There are 2 protein chains.
Amino acid sequence: MVKAGRAKKSEKESDKDIKALSVKKNENFSEWFSEIVQKAELADLRYNVKGFLVFQPWSVLSMEKMYSCLENALRRKEHKPYFFPTLIPESNLKREAEHVKGFTPEVFWVNEAGESKLSERLALRPTSETAFYQMFSLWIRSYKDLPYKTYQRANVFRYETKATRPFLRSREFHWIEAHCAHATEKDAMKQVYEDMETTKEILHDVFGLPFIFFERPAWDRFAGAVRTFAADVLNPDGKVVQQPSTHLLSQDFAKAFDVKYKDKNGEEKYVWITCYGPAVSRIFASVVIVHGDDKGLRFPWAIAPLQVAIVPISDDSSVIAKAEEIRKKLAEFASVEIDKTEKSAGEKFNYWEMKGVPVRIDLGAKEIKERNLTVFRRDLNTKTQVPEKEISEYVKKLAEESGKNLTKQADSLFEKKINNSLNIKEIKKVVEEGGIARCGFCSVEKEGASCAEVIEKETGARVRGTRLEKENAKGNCAICGKKAENIVYIARDY
Amino acid sequence: MVKAGRAKKSEKESDKDIKALSVKKNENFSEWFSEIVQKAELADLRYNVKGFLVFQPWSVLSMEKMYSCLENALRRKEHKPYFFPTLIPESNLKREAEHVKGFTPEVFWVNEAGESKLSERLALRPTSETAFYQMFSLWIRSYKDLPYKTYQRANVFRYETKATRPFLRSREFHWIEAHCAHATEKDAMKQVYEDMETTKEILHDVFGLPFIFFERPAWDRFAGAVRTFAADVLNPDGKVVQQPSTHLLSQDFAKAFDVKYKDKNGEEKYVWITCYGPAVSRIFASVVIVHGDDKGLRFPWAIAPLQVAIVPISDDSSVIAKAEEIRKKLAEFASVEIDKTEKSAGEKFNYWEMKGVPVRIDLGAKEIKERNLTVFRRDLNTKTQVPEKEISEYVKKLAEESGKNLTKQADSLFEKKINNSLNIKEIKKVVEEGGIARCGFCSVEKEGASCAEVIEKETGARVRGTRLEKENAKGNCAICGKKAENIVYIARDY
C-alpha cells in the first residue's frame, strides 16, 4: 500500500506542478516568496484596497500562537495589557515635533463621520506613542508608580509609498507595542535591554530566527528617539528586514505630554519613556523566509498552525481506525489532523510539505501489520520507522528537537553571510553576494553621515549600526580612512 | 493578627469611602455602572476622542479569556480564522442596498492618506459583510467548498448618534464576526441554530449570563437580513442589551457579490449566507452588570482576570513564606497573586472584592498556627475555614461551584422579571417595574408594526420578538384585540 501511494505521486505530476513552487528559493527569492504566500494559502492579495491584504487561516493560526508567546513573555515581565483607540487626534501627533515630521507622510486620515465633517482630522494610528503618553500623564503620579509597564496588541496603518509586499510591508499590519515610563535614564536603558532579551527569548529561541541587534546610527533613529535598537534578519536576496525595535525616547515626549512624577523627596521630574514594537505579521514573514525551502513552509513546532498530519495511504477501515487511535493519543499534547481528502498519497505528501507541518505520519496496511509507523520530519525531510507503541514519546522528542534543529540550520547560514571588509570595493562585493559587510567606520554619530552616504551611493546598502556587545575598532574607516571609532555592519534593505 | 487586620478596616473608613461604590446597584443602576467602570479600573473615559475609551488591564485580561472561549468554540465547529482589512471601499458598501442604508449614517470615512486625497472614500468597517463576500466570490467554486465557515477577531467602528456608554455602546468596539456560506436555505438555518447553541454554551454556561434568544420582528431586522435572531440580556434598570445576534441574510448579498457554486449536477446557484457577531466588549459589560453587586465586580472563574488573591495579614516572614508556598501550589491550576501592597488588611479585602476575584485566602499567624486557612468566596461573600492540606482540592471545587452558583443566581433573578400582560396598561406596569412583558400579539410580520408603534409610544418599550421554542398564542393581541398569531416579549432598551 505504501508503494501504491508513492507510485501515484508520479502519475499526478501534472497536477503537482501547478501546486508546487516553480522556482528555487536561492535562485529567485522574490518569486519564491510570492509563490509561497499564494500556494501555502497565507494571504490573498486580491482585496480591493491597494496595499491591504486578507490574512488567511494558515497565517492567522500561526500569528495567534506568536501573539501568545510574545504576550505571555511581556506579562511575565509585568507589562499590563491595554486596548487603546485606533483613532488619534491630529493635535496629539503634533505635540512632538520629530514624531509628527516622521509619521505625517504615512498617515491615513478620517475627516468625516456619518453625514458630518469632523472638526479635527483623526489619524488611523501609525503607532501609539501620542495616545499612550497623554494617558500616562493622568495615571503616573509618584515614583511608586514606576516603572509603568504597558502594552497593547493592535493593528496599525501606514500609507507606505514604497512598494508593498505581503507581511513584509503592508499598509495595515498586526503588532504589539509596549510603552513604559521610568524614573531615570538608567532604568529606561535597563528596559531597552530587557526588550532585547525578550526578542532573543522568543524570536530566536522559539521562532528560530537569527538576527543581530544593532544600535542604529544617529541618522537612522526612530522619529523622536535618542537611541534606537533594532534586530535585523537577513533574507536570501541579501536584504535585511528590521524586526523588533526598541527605543529610548527623547524626554521631549514626556515634556510634550506632561508626564511627570514626584520622586522620594517630593520633587517633580519628567519620566523617561521607552517603546518596543514586535510586528507580528512581519515576524511571520521572516519565519516563512528563513525556514522555508523549495518544497514549501517549515514551521517551528511551537508556532505551527498544525503540528502533526496523519496521512492514511488507503481508505481501508482498519487504516482509518488506526489513524483515529493515533490521533487521539497524540492530541494529548499536539494539534493533529487526519487527512481524509480524496487526493492521492503523493499529493497529500506534497500538500503537507508545502504547509510546513513539522511531523507527518504515513499509515498504510504495511505499517499496521508491522506495528511500525512511518514518520516524516519536515526539518530534515527524512523518514524513519517508529514502533507504534513508542509514537508518543518519539513525537514529543521531535517537538523539542525539530525546532532546535531549524534554529541551528538558520544560525549557521546566517553566520556565514557576515564578512569583514576593508574598503568600499570589498563592501560592495559582500553585499552583492547577499551578505552583511563588517568594517571599521569613522563614527556612528552625526559626523559619520557623509561616509554612510558614500556607502549607500556606491553599493545601494546602508549602515545598520553597531553591535550591542562593544567591539573594539582597530585601524581606519573603510571609507574616509580616518581613525575608526566603531565597527559597523552594512547591508541592503527593501 | 487577624483581628488587628480587621480592626484597621474601620480606622480607614475615610479612605475606604472614596474607593467603594457610593450607590446601590438596584437603587441607581446608571450611577453604579459608571462608578464600577471607574473604581474597578475597567476603562478610562478621558481619552480625547468622543465616544472612544481606553480599555484598562482588568477588562482586557477578562476579554482576552472571553475571546479564547469563543474562538475555541468556533474552531471546534470548524470555522477558520481570518484577518480582513479594517478599510472597506465605499463602493463595496453600496453593492447591497439595504445594508448601505442601514450603516451609512454610522460610518467613519477615510478620505486622505499622507498628502493625497483618495479617489474613493474608505469606510472604517462598521461590520465586514461587504469585505468578506467579495472574497467568498473568489474562494467558493463548488458544493464541495460548502459550508464555508469563517470568522475574524476585529475591532469595528460606528459613529453612534445615541449617547455612548462604556462597553455597552462605544464608537469603537471589539468583537468576533463569523461569516458562513451554505448550499441551501435549510443548511443556512442549521448554522443559525448552531450559532445560538454556541451562544448558550459560552455566554450562559461559561460566562453565566441569562438571556432569551428572540427572533426579531419584521421591522427590526439587521440591514440586509431576512431573519434576525438575537439574545437579550436584562439590566437592573429594566433595559435589555442585545448580545450576539445571528442572521440569515437575504440572497441579495450573494447576488451583489456574485457568490455562486456549482451543485452536484453542475448547475450554478447562489449561496445562502449567515453571519454571527458576538461583541466581546459588550458581553463584558453584561458580565459586569449581571454579576456585580454593591461591593464591586464578581467574575465567573473561567474569565476572571485573577482567580485567587492571597492576603497576608501581617508582613511577618513566616506569613509571607507560607503565602508563597500556597501560591505555588495553587498556581498549578489557577492564576494567583499575593497582595504585598502596604494597605491595611481591610483595604485589601475591599480592593479584591471590588475587583471581583472569585477566591481570596486570608493568611495570618492564627491561620498558620492552626493550619487552617480562611477562604473567602466572592459568589456568596462568605468565609470558611479550610485545612491547609486540603486547600488545592477545595479551591478546585470552588472553581467549579462558584461559576455555577453565579449563573444560578442570575437565572433565578431573570426568570422573575418576565411577566404576562393582557393589555397595554399591564405592559406598561411590567416595563416600568423593570421587567419584560409577555403578551399575545397580532403579528410579527409587517402588519403588526402599527401595534408595535403603539406600544413604543405608550410605554417607551419595544417588541423584542418571539421565542425560538414555538409558543402557542391563545386569545387576542394585547393592543388591537385581533386574534393573536404570536406571543411576544416587550422591554425597554438604550
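How many Å separate the centres of domain 1 of chain A and domain 3 of chain A? Taken over C-alpha atoms, the answer is 27 Å. Keep in mind as you look around that this is a predicted model.

Let's stay with chain A for a moment and get our bearings. The chain is split into domain 1 (29-291), domain 2 (306-400) and domain 3 (418-493). Domains 1 and 3 of chain A touch each other: 16 residues of domain 1 are in contact with 20 residues of domain 3. If you want to find the domain 1 side of that meeting, look for strand S9 (212-215), strand S10 (225-234) and strand S11 (239-249) of chain A, the elements that each give two or more residues to it. S9(A) supplies the largest share, four residues. Sort this side of domain 1 by class and you get ten nonpolar, one polar and five charged residues.

Now move along to a pair of helices in chain A, H15 (residues 424-432) and H16 (residues 449-459). Their axes come within 10 Å and cross at roughly 55 degrees. An angle counts as roughly parallel under 35 degrees and as roughly perpendicular from 65 to 115, so H15(A) and H16(A) are oblique to each other. The crossing itself is right-handed. Who does the touching here? On the H15(A) side you'll find Ile424(A), Ile427(A), Lys428(A) and Val431(A), and these meet Ile455(A), Glu458(A) and Thr459(A) of H16(A). By class, that contact comes to four nonpolar, one polar and two charged residues.

Next, step over to where the chains meet. Chain A and chain B each put 41 residues into the contact. On the chain A side, quite a list of elements gives two or more residues, including helix H4 (57-76), strand S6 (116-124), helix H7 (129-139) and strand S8 (172-182) of chain A. The one that gives the most is S5(A), with six residues. Overall, the side of chain A that touches chain B has 26 nonpolar, eight polar and seven charged residues.

Cross over into chain B and there's another helix pair to visit: H4 (residues 57-76) and H10 (residues 280-291). The axes of these two chain B helices also come within 10 Å, and they cross at roughly 110 degrees. That angle makes H4(B) roughly perpendicular to H10(B). Here too, the helices pass in a right-handed crossing. H4(B) brings Ser59(B), Ser62(B), Met63(B), Met66(B) and Tyr67(B) to the contact, while H10(B) brings Val280(B), Ser281(B), Ile283(B) and Phe284(B). Split by class, the contact has six nonpolar and three polar residues, with no charged ones.

You can find Ala154(B) in strand S7 (residues 148-157) of that chain. Is Ala154(B) buried or exposed? A residue counts as buried once 20 or more other C-beta atoms lie within 10 Å of its own. Ala154(B) has 20 such neighbours, so it is buried. Leaving aside residues up to four places away in sequence, Ala154(B) touches Trp175(B) and Glu177(B).

Technical notes:
Residues are numbered from 1 along each chain as its sequence is written. Chains are lettered from A and ligands numbered from 1 in the order in which they are written. This is a predicted model: local features need pLDDT of at least 70, side-chain atom pairs count only at pLDDT 80 or more; totals for chains, interfaces and linings use all residues. Axes are lines fitted to C-alpha atoms, for helices over the stretch in contact, and angles run from 0 to 180 degrees between N-to-C directions. Angles under 35 degrees count as roughly parallel, over 145 as roughly antiparallel, 65 to 115 as roughly perpendicular and the rest as oblique. A crossing is left-handed if the near helix is turned anticlockwise from the far one by less than a right angle, and right-handed if clockwise. Two residues are in contact if their C-beta atoms, placed from the backbone, lie within 7 Å. Ala, Val, Leu, Ile, Met, Phe, Trp, Tyr, Cys and Pro count as nonpolar, Asp, Glu, Lys and Arg as charged, and the others, Gly among them, as polar. A residue is buried if 20 or more other C-beta atoms lie within 10 Å of its own, exposed if 12 or fewer, and partly exposed in between; C-beta atoms are placed from the backbone. Domain bounds come from an automatic or database domain assignment.
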